[in-house]
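I opened my notebook to look up a few things in this structure.

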Amino acid sequence: MTDRAYVIAGSEATGGAGIQADLKAFQELGVYGMGTITCIVSFDPNNDWGHRFVPIDPGVIADQIEAATSCHDVDVVKIGMLGTPDTIDVVAGALAARRWRHVVLDPVLICKGQEPGAALDTDKALTEKVLPLATVITPNHFESRTLSGMESIDTVEDLVEAARRIHALGPRHVVAKGGVELPGPDAVDVYFDGEEATVLRSPKIGEERVSGAGCTFAAAITAELAKGSGVDEAVARAKEMVHAGISARLVTRAPFASVVPLAP
Ligand code: PXL
């Protein structure tokens, strides 16, 4: 296990999503993982499993990034949930200060329990400061609508259009995920590399969202890139991993199942 990958993301204590899922995916794909925590999300079983959200002090985030990047020679990083404009500032600054072969951005936009006003500021800061640094971005259906400015995404053609529009915001590679929100029997993703749009499909496994699927997808892309795969190959392998992980999902006491990151 000599290839190394880095993740800057939030903690999600149940283990389904966030940095817990990311590091499992790295390990499963044979990559040594290191991680920096940006915020702590604790689902609330007494309040409909809503998110309790606590940001980490920006200085502590900077310290973690300094520790990880000083200790390890690493040039591939995944960015997960950031959560506040202050966090985005410190992470964007740290990213810009180094050369990265790949920055994989999972643009986690809203978190239940956050003020809608704060969420808008966060969306704007993410779009302005982090999107242009990303080499790969993996928006889900909601994030694709928000980032593309499209009112609805109902067909594969709409998803292709969203991927093209998001590409124009700066990232070199876009993987727009249809998930269970895009009607039809398949989970469809559109990979756009700036020239060509490729449609990836796998049969949907049920119609319910599974916690951590998006985190696992972006983490698996990151791990594969760390091992030297091309982006197209990394995306295809990540899709296989998410399919396997959703098939093996854990039923929990919460009203959602949790993905189990499994190498395909
Ligand atoms: O799945 C999105 C996500 C990412 N990161 C953290 C989360 C969640 C969803 O709950 O809590 C920390």
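**Entry 1: lysine 78.** I looked for lysine 78 and found it in strand β4, which runs over residues 76-79. I note at the outset that the model is predicted.

Is lysine 78 buried or exposed? Its relative accessibility is 1%. Buried means under 20%, so lysine 78 counts as buried.

Next I listed what lysine 78 touches, leaving out residues up to four places away in sequence. Tyr6, Val7 and Ile8 are among them. The list also includes Asp22, Val104, Asp106 and Cys215. Ala218, Ala219 and Thr222 are on it too.

**Entry 2: the cores.** I then asked which residues have the most contacts inside the largest nonpolar core. They are Tyr6, Ile79 and Val91, and this core has 41 residues. Helix α6 (residues 156-167) gives the largest share of this core, six residues. I also found a second, separate core of 32 residues. Phe26, Val175, Leu200 and Ala213 are included in that second core.

I went back to isoleucine 79 and set aside its neighbours within four places in sequence. Isoleucine 79 is in contact with Ile8, Val91, Leu95 and Val103, among others. Val104, Leu105 and Asp106 complete its list.

**Entry 3: the ligand.** Which residues surround the ligand? I wrote down Gly10, Ser11, Glu12, Ala17 and Gly18, then Val41, Phe43, His51, Met81 and Cys215. On its own the ligand has 310 Å² of accessible area, and the protein covers 82% of that.

I sorted the shell by residue type: five nonpolar, four polar and one charged. Strands β1 (4-12) and β2 (32-44) each supply at least two residues of the shell. The largest share, three residues, comes from β1.

**Entry 4: the whole chain.** I counted eight helices and nine strands. The radius of gyration is 17 Å, close to the 18 Å that the globule rule gives for 264 residues, so the chain is as compact as a globular protein of that length. Along its principal axes, the C-alpha trace spans about 45 × 45 × 35 Å.

How many of the 264 residues count as buried? The share is 51%. The accessible surface comes to about 11700 Å², and carbon and sulfur atoms hold 52% of it.

Note on methods: Residues are numbered from 1 along each chain as its sequence is written. This is a predicted model: local features need pLDDT of at least 70, side-chain atom pairs count only at pLDDT 80 or more; totals for chains, interfaces and linings use all residues. Side-chain values use heavy atoms; hydrogens and water are left out. A residue is near a molecule or strand if one of its heavy atoms lies within 4 Å of it. Accessible areas come from the Shrake-Rupley method with a 1.4 Å probe; for residues, only the protein chains shown count as cover. Helices (H or I, at least four residues) and strands (E, at least two) are DSSP runs, numbered from the N terminus. Ala, Val, Leu, Ile, Met, Phe, Trp, Tyr, Cys and Pro count as nonpolar, Asp, Glu, Lys and Arg as charged, and the others, Gly among them, as polar. The radius of gyration is taken over C-alpha atoms; the globule rule is 2.2 Å times the number of residues to the power 0.38. Buried means under 20% relative accessible area, exposed over 50%, partly exposed in between (1.4 Å probe, protein chains only). A nonpolar core is a set of buried Ala, Val, Leu, Ile, Met, Phe, Trp, Tyr and Cys residues joined through side-chain atoms within 4.5 Å. Contact means heavy atoms within 4.5 Å.
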